[in-house]
Amino acid sequence: MHQFKYHQGTLHCEGVNLQTLAQDHGTPLYVYSSQTLRDNYERLNKALGDLDHHIAFAVKANSNLSVLNLLAELGSGFDIVSGGELFRVIKAGGDPGRCSFAGVGKTAEEITYALEQGIYCFNIESLAELEFINRVAESLSRTAPVAVRINPNVDAQTHKYISTGKAENKFGIDYEETMRVYERASKLPHISIRGIQMHIGSQLTNVSPFVEAVKRVIPLVQELQHKYGIEFFSIGGGIGIVYEEALASGPSSWWSEHENPPLSPDVYARELVPLLELLKMKIVLEPGRYMSGNAGVLLASCLYEKKGSAKTFKIVDAGMNDLIRPALYEGHHEIVPIFERQSENTVLGDVVGPICESGDFFCQDRRIADFQQGDLIALMSAGAYSFTMASNYNSRPLPAEILVDGTECSIARKRQQWSDLISGEL
Ligand code: LLP
């Protein structure tokens with residue numbers, strides 16, 4: 001469910017006409033819907049009901065200050081993976097006391113900053129990191145609150161690049177090792193044990209891997225509760241969204257073969273809450289994609305059509321530098337014309353960007369609207385891992401970002417200029 005719909009034949013975000021927005025701000029252009037973000041947050045919150053829970057938005061999915069500010073005002077905490085993300089959360093008015101710091105390679109500078117800001121917890125990913133955080137905390141005469149990230153060795157049934165909970169992934173600490181790490185933590189003078197964390201992967205469209213992982217970890221959680229009085233269990237993020245509408249055509253991709261009906265918050269909660277409420281402790285969730293994925297689109301204009309001997313290419317002004325998911329994960333994004341009537345004539349073809357790479361495509365051999373030079377299109381579900389993964393490759397300035405709220409819209413980030421590309425270079 002999202003707030004991008006045709007109204008009188010033109011695609012709108014809430015009450016704002018996307019053609020007008022593209023005319024006013026140019027393309028490529030990211031547009032986010034405030035109402036969709038609010039609805040997603042509230043739906044999850046409501047589905048969890050009376051469970052003692054805390055939602056921590058995974059900032060890596062969308063780190064725009066306006067988006068973070070909106071979520072902070074709803075009461076969200078944040079899952080961060082760098083000092084830079086913590087800096088953004090604080091600038092956006094978020095509470096560092098509601099931030100958990102994950103990631104396998106935290107630096108001394110980042111740990112120092114996080115300790116000074118009083119974050120809720122460090123999620124420890126190795127014994128070496130635990131010892132290091134203890135030393136940094138000692139040098140600041142502070143105590144670092146920690147949780148161990150356990151790797152439950154569960155197959156998340158998702159794309160291999162975003163699967164994190166198998167023993168062969170670099171994340172977390174092996175199940176069998178976990179107790180030993182807690183024992184060590186309990187002896188370190190500048191460490192306090194606060195909880196336990198796991199995250200098995202991203203874009204899960206089936207609830208069973210979550211259930212399997214939770215069931216596997218619960219006995220350990222109970223033991224830790226008994227031994228160290230831990231106060232929370234974070235079950236990570238990973239709730240998948242539907243990228244591919246049921247009517248989408250074209251050859252099957254990795255995703256179309258694996259994508260199930262949406263994993264709704266209700267199904268997620270129905271299966272997990274009964275297991276988790278028995279623990280009688282705070283349950284932390286770290287959703288990223290679920291919260292912002294379908295709350296954003298990337299608008300682009302068609303520059304040229306090229307009819308090759310093998311294929312038709314629609315060349316647009318957005319490229320893999322703006323949205324890398326198709327190139328990196330075979331990610332599917334629906335591509336729709338801004339004018340609904342253009343959906344009637346379709347053609348089999350590729351939508352590609354201007355970047356000098358064959359991987360610079362948004363779809364291949366897909367039945368798409370037969371849009372032409374100058375026409376506007378929207379790449380759907382581009383609110384998560386889209387702008388945050390954009391780069392200046394091919395010396396292309398980053399697009400602007402717009403936040404819509406009802407009939408109002410605000411520039412959440414200005415479009416970069418060519419001069420921005422060289423600022424900082426000597
Ligand atoms: N917690 C931890 C520890 C994580 O590593 C992640 C995502 C999340 C929470 C949020 O997961 P989500 O709810 O968004 O699935 N760039 C990839 C996704 C990478 C996910 C990395 N970790 C993509 O575009 O599909």
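Predicted model: local features only at pLDDT ≥ 70, side-chain atom pairs only at ≥ 80, totals over all residues.
How many residues surround the ligand, and which are the closest?

## The ligand and its surroundings

The ligand is surrounded by 19 residues. The closest of these are S202, E286, R325, Y329 and Y385.

In the side chain of Y329, an N or O atom lies 2.7 Å from a nitrogen atom of the ligand. The side chain of D79 also has an N or O atom facing a ligand nitrogen, here at 3.3 Å. With G238 the backbone takes part: one of its N or O atoms is 2.8 Å from an oxygen atom of the ligand.

## Two domains

The protein is divided into domain 1, which covers residues 34-289, and domain 2, which covers residues 294-420. In the contact between them, domain 1 takes part with 30 residues and domain 2 with 26 residues. The C-alpha centres of the two domains are 30 Å apart.

The size of an interface is often expressed as the accessible area that is lost when the parts come together. Between domain 1 and domain 2, the buried area is about 2400 Å². Carbon and sulfur atoms contribute 51% of that area.

## Contacts across the domain interface

Nine residue pairs are in polar contact across the interface of domain 1 and domain 2. On the side of domain 1 that touches domain 2, the elements giving two or more residues are α2 (34-48), α3 (65-74) and α9 (254-258). Among these, α2 gives the most, with five residues. Sorted by class, this side of domain 1 holds 13 nonpolar, eleven polar and six charged residues.

How many salt bridges are counted between domain 1 and domain 2? The count is one. A salt bridge joins D405 and R38, whose closest N and O atoms are 2.8 Å apart.

## Salt bridges in the whole structure

A search of the whole structure gives 16 salt bridges. One further pair is E129 and K106, with the closest N and O atoms 2.5 Å apart. This pair links distant parts of the chain, as the two residues are 23 residues apart. E129 belongs to helix α6 (residues 127-139), whereas K106 sits in the loop between β7 (99-101) and α5 (108-117).

Conventions:
Residues numbered from 1 in each chain as written. Heavy atoms only, no water. Domains from an automatic or database assignment. Contact = heavy atoms within 4.5 Å. Buried area = accessible area lost by both parts, 1.4 Å probe. Salt bridge = Lys/Arg side-chain N within 4 Å of Asp/Glu carboxyl O. Polar contact = N/O pair within 3.5 Å; in protein donor to acceptor, adjacent residues only side chain to side chain. Helix = DSSP H or I, 4+ residues; strand = E, 2+ residues; numbered from the N terminus. Nonpolar A, V, L, I, M, F, W, Y, C, P; charged D, E, K, R; others polar. Near = heavy atom within 4 Å.
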